[in-house]
Amino acid sequence: MTDDSASDDSATDSSATDDSADAVRRRLQPAEATLPCGRRVDETLEQAAEGGADDLDDHQSTCPHCQAALLEFSALWQPVRDLVAAPVTAPADLADRVMRRVHQMVTDTWFTLQLTELGSLKIAARIVARIARDAARQVPGVRVALGRSTASRLVRLVERATFSHRHPDAAVGVLGRTAAVELAVAVQYGEPVHDIAREVQQRVILQLRESIGLESVTVNVTVDDVVQ
Ligand SMILES: [Zn+2]
């Protein structure tokens, strides 16, 4: 839409650029909230606000909580970025409104949150996980589908992060209307593994959009076994 290389060095009129990353810093108290994996909400939000949602570090590239948060925050922050890029001044309360949404959303990071005219809708992450697993199991050729990837370091991370609050379906990160799901599947020996993995991805995304009303769903599929 606009020039995406919106730069740091065009610091001519700084009152406008003030409304992006600085706004995040000013409005979120340090260490006020953390994602289930232990990452700080303010840092994650700042990364998204600066347009770095695709720049995943080692932890983020295997963490569904961080992936969901980055996607959700960057969608939420987009209107602020658009207005900052446009030759008009962002309405003073826009960033505040976004921050109120963020605060609401991070009060419980184990739930999706959707705001409607009638009130809020929250759906537990374990339900998202359950639906994802069931959808994966319905794909022909899939024998077993687990809500976590045994291959990733995620399991350890999540176990540490949820020490006080054990969560068996922890390979799902949800925030707002965004979810990131890690699935490990075993397929029937002799079936086209690649096609099955893609089919799992597509069905899970469709199912979560339809039954949970999620807007953005990322599904990472690991095929880690074949079954005779
Ligand atoms: Zn994380």
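Mentor: Two strands count as a pair if DSSP finds at least two bridges between them. Keep that handy, and remember that we're looking at a predicted model.

Trainee: Okay, strand E1 and E2 then: how many bridges join them?

Mentor: E1 covers residues 111-116 and E2 covers residues 119-124. A hairpin links E1 to E2 through two residues, and Thr-116 has Gly-119 in E2 as its bridge partner. The two strands run antiparallel, and the number of bridges joining them is six.

Trainee: How many of the six residues of E2 are buried?

Mentor: A buried residue needs 20 or more other C-beta atoms within 10 Å of its own. E2 lies largely in the open, because its count of buried residues is zero.

Trainee: Let's step back to confidence. Which element has the highest mean pLDDT?

Mentor: The chain averages a pLDDT of 77, with 74% of the residues scoring at least 70. Helix H1, residues 14-17, has the lowest mean of the elements, at 44. At the other end, with a mean of 94, sits helix H9, residues 193-212.

Trainee: Where is pLDDT under 50, and how many contacts beyond four places in sequence does the model have for residues 1-18?

Mentor: One such stretch is residues 161-170, which has 13 contacts beyond near neighbours in sequence. Another is residues 1-18, and there the model's number of contacts beyond four places in sequence is six.

Trainee: And the overall make-up: what share of the 228 residues is buried?

Mentor: The chain holds nine helices and six strands. Among contacts between residues at least 6 apart in sequence, 69% join residues at least 24 apart. As for burial in the 228 residues, the share is 40%.

Trainee: How many residues of helix H3 are buried?

Mentor: H3 spans residues 41-49 and is mostly covered. The buried set includes Asp-42, Glu-46 and Gln-47, along with Leu-45 and Ala-48. Just after H3, Gly-51 takes a positive phi of about 85°. Out of nine residues in H3, the buried number is eight.

Trainee: How far apart in space are Ala-48 and Leu-71, C-alpha to C-alpha?

Mentor: Ala-48 is found in H3 and counts as buried because 25 other C-beta atoms lie within 10 Å. Beyond its neighbours in sequence, it's in contact with Ala-53, Leu-70, Phe-73, Ser-74 and Trp-77. Leu-71 is 23 residues away from Ala-48 in sequence, yet the C-alpha distance is 7.6 Å.

Trainee: Is Cys-63 buried or exposed?

Mentor: Cys-63 lies in the loop between helix H4 (58-62) and H5. Gly-173 is 110 residues from it in sequence, with the two C-alpha atoms 7.8 Å apart. Since Cys-63 has 29 C-beta neighbours inside 10 Å, it is buried.

Trainee: Last one: what is the handedness of the β-α-β crossover from E5 to E6?

Mentor: E5 (residues 178-188) and E6 (residues 216-227) pair in the parallel sense over eleven bridges. Glu-182, for example, has Asn-220 in E6 as its bridge partner. Between the two strands the chain passes through H9, and the crossover is right-handed.

Notes:
Residues are numbered from 1 along each chain as its sequence is written. This is a predicted model: local features need pLDDT of at least 70, side-chain atom pairs count only at pLDDT 80 or more; totals for chains, interfaces and linings use all residues. pLDDT is the predictor's confidence in each residue, from 0 to 100. Helices (H or I, at least four residues) and strands (E, at least two) are DSSP runs, numbered from the N terminus. Two residues are in contact if their C-beta atoms, placed from the backbone, lie within 7 Å. A residue is buried if 20 or more other C-beta atoms lie within 10 Å of its own, exposed if 12 or fewer, and partly exposed in between; C-beta atoms are placed from the backbone. A crossover is right-handed if, with the strands pointing away from the viewer, the path from the first strand over the helix to the second runs clockwise.
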